[in-house]
Amino acid sequence: MVEKLYNKILIPTDGSKYSEKALLHALSIAQVSNAEIIALSVVENDFTSSISSIDVINEVNNLLREESNKNLQKLLNFRDAHGYDVDINIKIAEGSPVKSIMKTVEDENIDLVVMGSSGKTGFNKMILGSVADKVADNVPCSVLIIR
């Protein structure tokens, strides 16, 4: 008997072309393993603490949440357009992308994270870091990084 490798696959998305490429891989793996996908979009709103107006903070947070919803809807539309019969549950978190991904891995008992890499190199990677690298270094499950 063959052991089922994956039950839950996490696909963090930022709406980029890299996330879309990662989704294609996640959908293929989920289809074959009959796994559930959890799609996560993180509203990175740490910078709003430097804004003094509560009204502006609320407006910015609402715009960021709307963008997250659009990114997640794009994933659902992509799945449907490509004919995959895979369950995708969507989640929105707020805060640091790395911490939110790590928390979701723990809370949802994720077996595999499939995520895109923006391909940062050199100075940008050194200064900004790579969310994919940080996730791969800190989660207890397998991570597939798509370039």
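This is a predicted model: local features need pLDDT of at least 70, side-chain atom pairs count only at pLDDT 80 or more; totals for chains, interfaces and linings use all residues.
Residues are numbered from 1 along each chain as its sequence is written, and side-chain values use heavy atoms, with hydrogens and water left out.

Helices (H or I, at least four residues) and strands (E, at least two) are DSSP runs, numbered from the N terminus. Helix 1 covers residues 17-33, which makes 17 residues. From its first C-alpha to its last it reaches 25 Å, close to the 24 Å expected at 1.5 Å a residue; the expected span is 1.5 Å times one less than the number of residues.

In helix 1 the buried residues are S19, A22, L23, A26, L27, A30 and S33. Seen down the helix axis, these residues fall within an arc of 145°, so they line one face of helix 1; the arc is that of the directions from the helix axis to the C-beta atoms. An α-helix has 3.6 residues a turn, so residues three or four places apart point the same way. On the other side of helix 1, K17 and V32 are exposed. The cover over the buried residues includes strand 1 (8-13), strand 2 (36-43), helix 2 (54-81), strand 3 (88-94), strand 4 (112-116) and strand 5 (142-146), where contact means heavy atoms within 4.5 Å. Just after helix 1, N34 takes a positive phi of about 55°.

A salt bridge is a side-chain nitrogen of Lys or Arg within 4 Å of a carboxyl oxygen of Asp or Glu, and a search of the whole structure finds 5 of them. One of these joins R65 and E94, whose closest N and O atoms are 2.8 Å apart. This pair links distant parts of the chain, with R65 in helix 2 and E94 in strand 3, 29 residues apart. R65 is partly exposed at 29% relative accessibility, and E94 is partly exposed at 42%.

The side chains of E108 and K91 also meet in a salt bridge (3.2 Å, N to O). Here too distant parts of the chain are linked: E108 lies in helix 3 (residues 97-108) and K91 in strand 3, 17 residues apart. K91 is partly exposed, with a relative accessible area of 29%. K8, K91 and E108 are linked in a network of salt bridges.

Definitions and conventions. Buried means under 20% relative accessible area, exposed over 50%, partly exposed in between (1.4 Å probe, protein chains only).
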